[in-house]
Amino acid sequence: MTGLIFLLPIALFLGALGLAAFLWSLKSGQYEDMDGAAERILVDDD
Amino acid sequence: MSCCAPAAEEALLLTGGAPKGPSREEMALSSRVLPGGVRQIDLSVPGIHCGGCMANIESGLGKLDGIEYARVNLSTKRVSVRWRDDAGVPAIVDTLAKLGYESHLFEQGADEKDETLAELIRGLGIAGFAAANIMLLSVSVWSGAEDATRDLFHWISALIALPALAYSGRIFFRSAWGALRNGRTNMDVPISIGVLLAYGMSLYETANSGPHAYFDASASLLFFLLIGRTLDHVMRERARVAVKGLARLAARGATVLYPDGSNAYLPVGDIKPGMQIMLAAGERVPVDARVVKGRSELDCAIVSGESDPVAVEPGAVLRAGTLNLTGPLTIEATAVAEDSFLAEMLRLMEAAESGRSGYRRIADRASALYAPVVHLTAFLAFLGWIAISGDAYLAITIAIAVLIITCPCALGLAVPIVQVAAARRLFENGIMVKDGSAMERLAEIDTVVFDKTGTLTLGMPRLTNARDVPAAALSLASAIAVHSRHPISRALADAAVGTGKWTFDAVEEVPGFGLEARRGNDVYRLGRAEWALHGKSNTASGTILSKNGAPQAEFRFEDQLRAGAAAAIAQLKDKGIEVEILSGDRAEAVANVASALGVDKAKAGVLPSGKVERLEQLKAEGRKVLMVGDGLNDAPALAAAHVSIAPASAADIGRSAADFVFLRESLSAIPLTLATSKEANRLIRQNLVLAVMYNAIAVPIALLGYVTPLVAALAMSGSSVIVIANGLRLGTGRAARSDKPAEPSPAFPSKEAIAS
């Protein structure tokens, strides 16, 4: 029972962190060009 | 990258020396001003298809003077370019053309961000987070957490579910509320009631330390349903973007000539009657006008359906949207843009659309039956348990359990999942679906009405007697023809190979007559018989090649049927569907096509309003009509028909009026779309039956009071999985059977590309 007191907040915090990361990536336009992103990794721009 | 090479050659061929794509004035007009003296424009570049293209374009454009930023979006096949305003518009289009990419402006407003999608995905993220975390807590409750621990878990679940309900749920609540306010019900009404009641009852249970809470049910229900809704939206959005990326066929502006000799490029909306406009060859007529000076030929195919170019001279009346082919013209506007032919078509379209009986989607019809039955059952359960036990709390709990278990999760997924799978299959075959209900409507049709020019035919002539013409004359003629954008010249240029050996001292285009080429002391003429032969004999009717006035060869042309036209019509007839042709072209041309395709019912010389009348007549006979057309003159009919399909080469408003747009040349798209829609409808009905069967089993269990949160979670996810699996059958297996070549077909050669 006592374990829950810190395990639950940790679990929820990690979940919320994931959600926040997802919403941030959405907002910063990382899902706007899915095909392009896959190709860009192969292009050397120097 | 090797994949870029063919596109480059193709574009160079098509370029033919003439500037391609939007002019600089047009670009300046449609660009956006950003802070800091920077302008931005988004261009549609359909030729982009790999990382190599992306790198080429970005480095090519980046080297230009004044360019601040150039970025390719591979998914939407667009290039976003920013440049400093003080330097003028850089040569973006020319640079792209040199790299081998055709570029064009697309419909205004298409670059807006898709707010709905963003909201759906955010909602999906939040609902997913809530559902996963609540499920973790629920599993521990189901596995035996008791007393204080259970209550703690329930309270935490309630806390997590609240934002999910408030944020993700409002998408459903809004739609349900809208329907209820108008006295209707839709699928979202039982969903909203189920989710809200589940949450409310669980909250009450938790406050009273009850054993059963349905927080997991409300959150995962929202999550599942949002998946269906988001997929549906993504599919339609993809089709919408693909259709919007097609070239605009309407002029955005025109060069106006002022009486004092100066000129300026004005947007179409600012052109007033009486203004004189300079119209270069290859430009479209911006507003209804009259020719003041010059001779030329006009391609009216997209406006009136006439397949042959029309010769014009001073005094001739021009309709907005027609394409000037051969010579520069000075024209005088006779109407403002809002009163032009295009606007008249828009009014006809609106009238036709208002006459279209409101089609109710299968899902809405199903829920109109479903919702009252479910709500009545829950109410009866409440009354029954009151009568039996006299315990109001027990009766309410059971009634709410009935509502939760019947919450149409499977029903809400049954339709979108199938339509998403079907739309995906059509997308892979180059067919864009604008709307899920279009597939439902298409499955009902019993009559197909085709337009001729541009729909059954490509609206481009083809050389028919290549075998009878001496090879040398043919290659000479095509070497001359390369210098013109007249459709007949294009056909000649396409017909021959080995034109490289001919060189000319001068080639001149004489608008309305043909081409004249000089080579040493010889004068070659290619064009109308009497002009080419200096008025001597005019027995020949076709196009003549003459050398110093003596005939060398005669060429005959015919409008080319679209690939697969005959097969498509035969397939439609096999299925017992009636086929009709309604065309604005000459009777003779229509009769030729009709007999070649074996269509008995064909009408020629039909006006746009005549097409709508014919469709209304068919509707009055109780027929469900599919209209296939491309022109401006078809747009009202496309809006009036039960369902409509347009090719990618169609006029802008035709494309936006149609429910489906096919991007490839072949008409086999039509039987394919029909077959896919019918199959999708069959699967939708199967899914609805599955959903009803699920309820037939689950409702009695709920009525008897045996439903616990665990049972509800298993039953609901089980039924959703079955429905999704059944829906996805459409996407697999059968796709390989389609009679299409597997390789992606090249971009459809739009009329624009060939004419300019």
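Let's start with the nonpolar patch on the surface of chain A. F6(A), L7(A), I10(A), F13(A), L14(A) and L17(A) form it, with about 630 Å² of accessible area together. Patch residues have over 30% relative accessible area and no salt bridge, and nonpolar side chains (Val, Leu, Ile, Met, Phe, Trp, Tyr) are joined within 5 Å. A salt bridge is a side-chain nitrogen of Lys or Arg within 4 Å of a carboxyl oxygen of Asp or Glu. Areas come from the Shrake-Rupley method with a 1.4 Å probe, and only the protein chains shown count as cover for residues.

This is a predicted model: local features need pLDDT of at least 70, side-chain atom pairs count only at pLDDT 80 or more, and totals for chains, interfaces and linings use all residues. Residues are numbered from 1 along each chain as its sequence is written, chains are lettered from A and ligands numbered from 1 in written order, and side-chain values use heavy atoms, without hydrogens or water.

Back to L7(A). It sits in helix α1 (residues 2-27) of chain A. Helices are DSSP runs of H or I, at least four residues; strands are runs of E, at least two; both are numbered from the N terminus.

Now chain B. Strand β8 (residues 289-293) pairs antiparallel with strand β11 (residues 317-318) over two bridges. Pairing takes at least two DSSP bridges. A289(B) has L318(B) as its bridge partner in β11(B). Four bridges also join β8(B) to strand β13 (residues 329-333) of chain B, again antiparallel. There, R290(B) partners E332(B).

Last, helix α25 (residues 669-703) of chain B. Its 35 residues reach 50 Å from first C-alpha to last, close to the expected 51 Å. That expectation is 1.5 Å times one less than the number of residues. Just after α25(B), G705(B) takes a positive phi of about 85 degrees.

Note on methods:
Patches are made of residues with over 30% relative accessible area and no salt bridge: like charges are joined within 9 Å, nonpolar side chains (Val, Leu, Ile, Met, Phe, Trp, Tyr) within 5 Å.
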